[in-house]
Amino acid sequence: MAPNQVAGEILSFFTRNNFAVSDRGEVITFEGTMVPSRGQAALLTFCTCISLGSVGLVLSIAVPEGGNNWFWLMTLSPLAGVYYWTRASRKEEIKVKMILSDDGNVSEILVRGDDVQVEQMRKELKFSEKGMIYVKGIFET
């Protein structure tokens, strides 16, 4: 593929995912902020509630003097969601370098950054890792 076309696809991918170009040169640096997810906060709160309910059940059997009051521990589960929500945002930096072959086409793209973002870029832009061949799964169309 032509270098301009590949660079345009990479740039549009990262701008769609709320990244901005912070440094241009031989290595292009994209910076973005990963924000907390409401779904993950809700799942974390739910799992913590179930876990604390289990702890309450064990404590009500092991220490019967407390009775069913041990189940009040479940009211602490929203604190897990609050903790996640206040600490989950982080700044991500992804560096991209294109290596051209002798005929002027792109031969390699070196990407360094968050595994999730790199994997998502690889899937969306249909890139494959060096030396790897992509084989479709059973349920893929």
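**View 1. The residue that follows helix α1.** Just after α1, N18 adopts a positive phi of about 65°. Helices are DSSP runs of H or I with at least four residues, strands are runs of E with at least two, and both are numbered from the N terminus. The model is predicted, so local features need pLDDT of at least 70 and side-chain atom pairs count only at pLDDT 80 or more, while totals for chains, interfaces and linings use all residues. Residues are numbered from 1 along each chain as its sequence is written, and side-chain values use heavy atoms, with hydrogens and water left out.

**View 2. The length of helix α1.** Helix α1 comprises 14 residues (residues 3-16), which at 1.5 Å a residue should span 20 Å. The expected span is 1.5 Å times one less than the number of residues. The end C-alpha atoms of α1 are 20 Å apart, in agreement with this expectation.

View 3. V6, I10, F13 and F14 are the buried residues of α1 (buried: under 20% relative accessible area; exposed: over 50%; partly exposed: in between; 1.4 Å probe, protein chains only). Viewed down the axis of α1, these buried residues fall within an arc of 90°, so they line one face of the helix; the arc is that of the directions from the helix axis to the C-beta atoms. On the other side of α1, N4 and R16 are exposed.

**View 4. The surroundings of F14.** Apart from its neighbours within four places in sequence, F14 is in contact (heavy atoms within 4.5 Å) with F19, F30, I94, V96 and M121.
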